[in-house]
There are 2 protein chains.
Amino acid sequence: VFAGEFTLDYAYQREDKEGLTLGNELEKIGYKGKDIINPSEFYASLELHIEQGPILEKEEKTIGIVTGVQGIRWYEITIVGNECHAGPTPMSYRTDPVMILPKLIKKLYEIGEQYAPDSRITIGSINTQPGVTNTVPGTVDLTLDIRNPDQNILDQMHLEVQEVIRKCDHDSNASVHLHEVWHSPSVRFAPICIDAVQVAAEVSGYPHRKLVSGAGHDSVYISKVVPTSMIFIPCKDGLSHNESESIEKEHAIAGTNVMLNAVLNIK
Amino acid sequence: VFAGEFTLDYAYQREDKEGLTLGNELEKIGYKGKDIINPSEFYASLELHIEQGPILEKEEKTIGIVTGVQGIRWYEITIVGNECHAGPTPMSYRTDPVMILPKLIKKLYEIGEQYAPDSRITIGSINTQPGVTNTVPGTVDLTLDIRNPDQNILDQMHLEVQEVIRKCDHDSNASVHLHEVWHSPSVRFAPICIDAVQVAAEVSGYPHRKLVSGAGHDSVYISKVVPTSMIFIPCKDGLSHNESESIEKEHAIAGTNVMLNAVLNIK
């Protein structure tokens, strides 16, 4: 709402699983204020966060200077063949959607390799229907998540995904379909804020490096209306959104010190 | 029970979903007899069946002379990697089990190609855990069904499956495990019965060919104690165990005629 991405009414109407709305619940506890928050009253924004990934820990850095957030595209891919009995059906009579997978998966990962090391290619789910040992599947569904911090490269990767699907569809007797699910464009944070964090990290003496956030954050929206950057600290094994998530006390202290000095640096 | 594969008590104790046993239910309807069936009283056995596959229909043959039943082996394959977030985790830090699939699937199908056209390779189910768009899966589970009418070749294919798994495990940072689930050895029917069916088909003038059954049948067990063969007729689109299963009346007539003459031929 603050960044203009959603209206205030939209936010108030959001319901939880039990049908309680944010607006009513804020009113109940006396937190439904009337003041309008004006982004122009803010000079800059900094957010301190755990990395949610393994880079700082593996490279033994204490501070990540976050220069932006990766652009993300989500897809669903469906391969349609012909369901049939695994025994009586000769291989030459089959339209087996699983046979498309080696080429399809290989080509998709190659898109990532082409734009290494900043690209991410993730096939999080593969599902065969009906999924029975002695039946050639009729369909295979895959999810695809591609990411790059550079929007131009992400757009190029998108075209290449389309081309891989077109080629797999053309070259096989099964049919291969691409469905675009979601697109979150990449974000570059404000140089004024990035520089402030960098100077604070250098002065503090903590080991540090620049990073692009792989996950989304409040700062993605904030950055649309106010100069913004983020500070990352390491988390154990790169885990987050998980009961095993944990950080070291000295990293929390280091992050807070860099945050303080970065705020003082922004003028 | 007749073929000695299971004991009579084992059969009587089989329960349905509601806990009713075969023995009790046979008794209730007066069908739990006391006579012992002696296979030595039977001279031969013939079974008339739909093909459950597309070969006869596609080749416009009316009669299949069944020379045996394919041997079958079932496996579960598990690839274990490291579950992680699709965004913040660089490709080089991942142990992504999906990356093993192109090579693994390709190599498994190649085992079938090597022993074409009688081999069958079916990967009926692929399952990713946790199966979420923005998470690199921690594990991928596959089922594998391999078949060949020649037991020696099936045994050779089994060794090659083990070798493919060993190699995929060795060559990658993920670990690949093979679990053997089931083995049904191949069956060769009795020449005396096969010949009787063949002569009956030739005399009748129906278009015919020899076939190996891809599916299992009662005759697999019967053939262990009595000379046995089968007669196949076409089914629509090769479908069976399916509401769309259907046959032509003239094929039923043809099958029955061949059955009759084959019985008369066996002396």
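Predicted model: local features only at pLDDT ≥ 70, side-chain atom pairs only at ≥ 80, totals over all residues.
Biologist: Why is helix H4 of chain B called roughly antiparallel to helix H5 of chain B?

Modeller: The axes of H4(B), residues 101-114, and H5(B), residues 151-171, come within 10 Å and cross at roughly 160 degrees. Angles over 145 degrees count as roughly antiparallel, and therefore H4(B) is described as roughly antiparallel to H5(B). The crossing itself is right-handed.

Biologist: Which residues of H4(B) and H5(B) meet, and what classes do they belong to?

Modeller: From H4(B), B:Lys103, B:Leu104, B:Lys107, B:Leu108, B:Ile111 and B:Gln114 meet B:Met157, B:Glu160, B:Val161, B:Val164, B:Ile165, B:Cys168 and B:Asp171 of H5(B). By class, this contact has eight nonpolar, one polar and four charged residues.

Biologist: What makes helix H6 of chain B oblique to helix H8 of chain B?

Modeller: Helix H6(B), residues 191-204, and helix H8(B), residues 249-265, pack at an angle of about 125 degrees, with their axes 8 Å apart. Roughly perpendicular covers 65 to 115 degrees and roughly antiparallel needs an angle over 145, so the pair H6(B) and H8(B) is oblique. Their crossing is right-handed.

Biologist: What is the make-up, by class, of the contact between H6(B) and H8(B)?

Modeller: It has seven nonpolar, three polar and no charged residues, and among those that meet are B:Ala200 and B:Ser204 in H6(B), with B:Val258 and B:Asn261 in H8(B).

Biologist: How do you know that chain A and chain B are in contact, and how much area do they bury?

Modeller: Contact means heavy atoms within 4.5 Å, and 49 residues of chain A are in contact with 49 residues of chain B. The two chains bury about 3900 Å² between them, 63% of it on carbon and sulfur atoms. On the side of chain A, the residues A:Pro88, A:Tyr93 and A:Thr133 supply 16% of the area buried against chain B, more than any other three residues. The count of salt bridges between chain A and chain B is zero.

Technical notes: Residues numbered from 1 in each chain as written. Chains lettered and ligands numbered in written order. Heavy atoms only, no water. Axes fitted to C-alpha atoms, helices over the stretch in contact; angles between N-to-C directions. Helix = DSSP H or I, 4+ residues; strand = E, 2+ residues; numbered from the N terminus. Parallel < 35°, antiparallel > 145°, perpendicular 65-115°, else oblique. Left-handed = near helix turned anticlockwise from the far one by under 90°. Nonpolar A, V, L, I, M, F, W, Y, C, P; charged D, E, K, R; others polar. Buried area = accessible area lost by both parts, 1.4 Å probe. Salt bridge = Lys/Arg side-chain N within 4 Å of Asp/Glu carboxyl O.
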